[in-house]
Amino acid sequence: MKEQGGYSTKHMLFALSTSMFIGFYVAQFISNMLISESIPSHNIQEEKRNNNFSLRTCTNPDSVPDHPFDNSIVADQLRKEVRILCWIMTNPNNHKNKSRHIKRTWGKRCNILLFMSSEYDDELPTVKLDVEEGRVNLWRKVKEAFKYVYKHHYNDADWFYKADDDTYAIMENLRYMLYPYHPMTPVHFGCKFKAYVKQGFMAGGPGYVLSKEALRRFVVEGIPSNKICINDTNEFEDFEIGACMENLNVTAGDSRDWNGRGRMFVSVPQDHLVPDRNTGFWYWNFSFYKNDEGLDCCSDNAISFHYVIPELMYTMDYLIYHLKPYGIVRELHRLPAKLKVGEFLPPPIEEIANSNEDSMDDDDRKH
């Protein structure tokens with residue numbers, strides 16, 4: 001009985017220690033399972049398959065994502081659904097100094113990129129227009145450029161964006177703004193000014209975008225008629241096309257976001273972001289909508305800025321597409337519903353800003 005009892009005691013101790021050992025590791029395994037469920041999975045093989053697929057199916061090498069593991073599914077889909085032709089107003093003196101830097105940065109994200117000049121350039125997709133250079137010929141150059149685009153690319157895009165060779169544009173945000181609108185709606189968007197044209201006109205610097213129907217009306221009905229679009233030479237091409245759009249019943253669209261913040265700007269970011277209001281600055285008198293300086297000036301989905309030198313283009317490209325604060329994952333806004341031809345989104349609701357970093361007290365907006 002003692003041997004049996006002794007044997008039983010040893011057996012019980014062994015069984016107990018084994019059970020504790022197994023229980024500890026089972027608990028650890030379950031704990032790890034629960035923790036891992038709260039962290040997004042990182043399937044390297046799946047990412048490699050997705051990356052290989054995107055590289056194989058990409059017909060334009062410039063459209064390969066800057067970071068192959070980024071989730072660009074929505075941006076890629078918008079690129080297919082909201083096709084934008086970009087044409088850049090330039091001249092031979094700026095081909096090397098400015099234009100080629102657009103091609104190397106934001107221009108590669110357009111569906112089609114063209115440079116309108118008076119001379120060919122092998123480095124750029126240049127269209128040689130029969131127009132003399134100089135500010136006095138800007139209006140004529142705009143008309144000839146849009147005539148070329150209509151003749152050769154009308155069916156290749158849904159929207160047609162004109163920009164200067166010192167403009168920087170975030171094409172994903174432009175597509176996001178345009179997404180709900182039908183391209184056969186006669187509308188154009190830009191940084192809207194209130195002078196001279198009743199419905200407002202779009203500043204030329206940050207660029208303006210015409211819908212497919214707006215382009216058709218401009219080229220087919222507007223340009224041939226001196227009563228609709230003047231035939232004289234003029235350096236104020238943005239004012240002239242604004243007056244022409246109004247005569248053609250093409251709506252001057254509202255490019256602000258849902259909070260009433262601007263998306264297209266006449267100057268570089270710091271001129272709008274740094275609170276230093278100069279009441280004598282012409283921008284405040286021309287702007288169609290009330291706006292602010294500081295972080296409340298600009299939409300989180302800003303589209304374009306003007307007077308951007310090449311060095312700043314590369315800097316902005318890095319800050320927008322490469323620099324990432326680790327651990328912060330921004331959720332996508334749900335895409336708005338598609339509108340029918342002739343329908344427009346309601347005007348934005350101007351809300352009191354939550355930020356303390358705007359250029360004036362939030363209470364000022366109430367007055």
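**Disulfides, salt bridges and nonpolar cores**

In the predicted model, C86 has a relative accessibility of 0% and therefore counts as buried, since a residue is called buried under 20% relative accessible area. C110 is likewise buried, at 3% relative accessibility. These two cysteines form a disulfide in which the sulfur atoms lie 2.1 Å apart. The pair connects distant parts of the chain, because C86 belongs to strand β1 whereas C110 sits in the loop between α4 (95-104) and β2, and the two are 24 residues apart. About the S-S bond of C86 and C110 the torsion is about -95°, so this disulfide is left-handed. A disulfide is a covalent bond between the sulfur atoms of two cysteines.

The count of disulfides in the model comes to three. A further one joins C229 to C244, with an S to S distance of 1.5 Å. C229 is found in the loop between α7 (212-222) and α8 (237-247), while C244 lies in helix α8, so the pair ties together parts that are 15 residues apart in sequence. C229 and C244 are buried. In another disulfide, C297 is bonded to C298, and their sulfur atoms are 2.1 Å apart. The torsion about the S-S bond of C297 and C298 is about -75°, so this disulfide is left-handed. C297 and C298 are also buried. When the bonded cysteines of the chain are numbered in sequence order, the pairing reads 1-2, 3-4, 5-6. Another cysteine, C191, counts as buried at 5% relative accessibility.

Charged side chains provide another set of contacts, and the structure holds 17 salt bridges. One of these is formed by the side chains of D158 and R83, with a distance of 3.1 Å from N to O. This pair links distant parts of the chain: D158 is in the loop between α5 (138-153) and β4, R83 is in the loop between α3 (73-81) and β1, and the two residues are 75 residues apart. The partners D158 and R83 fall into separate classes of accessibility. D158 is buried, with a relative accessible area of 11%, whereas R83 is partly exposed, with a relative accessible area of 27%.

A salt bridge is also formed by E221 and R216, whose closest N and O atoms are 3.0 Å apart. E221 is partly exposed, with a relative accessible area of 35%, and R216 is partly exposed as well, with a relative accessible area of 24%. In the salt bridge of R261 with D257, the closest N and O atoms are 3.2 Å apart. R261 counts as buried because its relative accessibility is 15%, and D257 counts as buried at 1% relative accessibility. Salt bridges also link K96, R100, R104, D121 and E123 in a network.

In soluble globular proteins, nonpolar side chains tend to be buried together. In this model, the largest nonpolar core has 49 residues. The residues with the most contacts inside this core are I84, W106, W159, Y161, L174 and L178. Two or more residues of the core are given by each of the strands β1 (84-89), β2 (112-117), β4 (159-164), β5 (168-169) and β6 (187-189), and by the helices α6 (171-178), α10 (282-286) and α11. Another core, of 33 residues, lies apart from the largest one. Among the residues of this other core are V131, Y208, I223 and V250.

Nonpolar side chains are also found on the surface. There, I73, V74, L332 and L335 form a nonpolar patch, and together these residues have about 380 Å² of accessible area.

Methods
Residues are numbered from 1 along each chain as its sequence is written. This is a predicted model: local features need pLDDT of at least 70, side-chain atom pairs count only at pLDDT 80 or more; totals for chains, interfaces and linings use all residues. Side-chain values use heavy atoms; hydrogens and water are left out. Patches are made of residues with over 30% relative accessible area and no salt bridge: like charges are joined within 9 Å, nonpolar side chains (Val, Leu, Ile, Met, Phe, Trp, Tyr) within 5 Å. Accessible areas come from the Shrake-Rupley method with a 1.4 Å probe; for residues, only the protein chains shown count as cover. A salt bridge is a side-chain nitrogen of Lys or Arg within 4 Å of a carboxyl oxygen of Asp or Glu. A nonpolar core is a set of buried Ala, Val, Leu, Ile, Met, Phe, Trp, Tyr and Cys residues joined through side-chain atoms within 4.5 Å. Buried means under 20% relative accessible area, exposed over 50%, partly exposed in between (1.4 Å probe, protein chains only). Helices (H or I, at least four residues) and strands (E, at least two) are DSSP runs, numbered from the N terminus. A disulfide is a pair of cysteine sulfur atoms within 2.5 Å.
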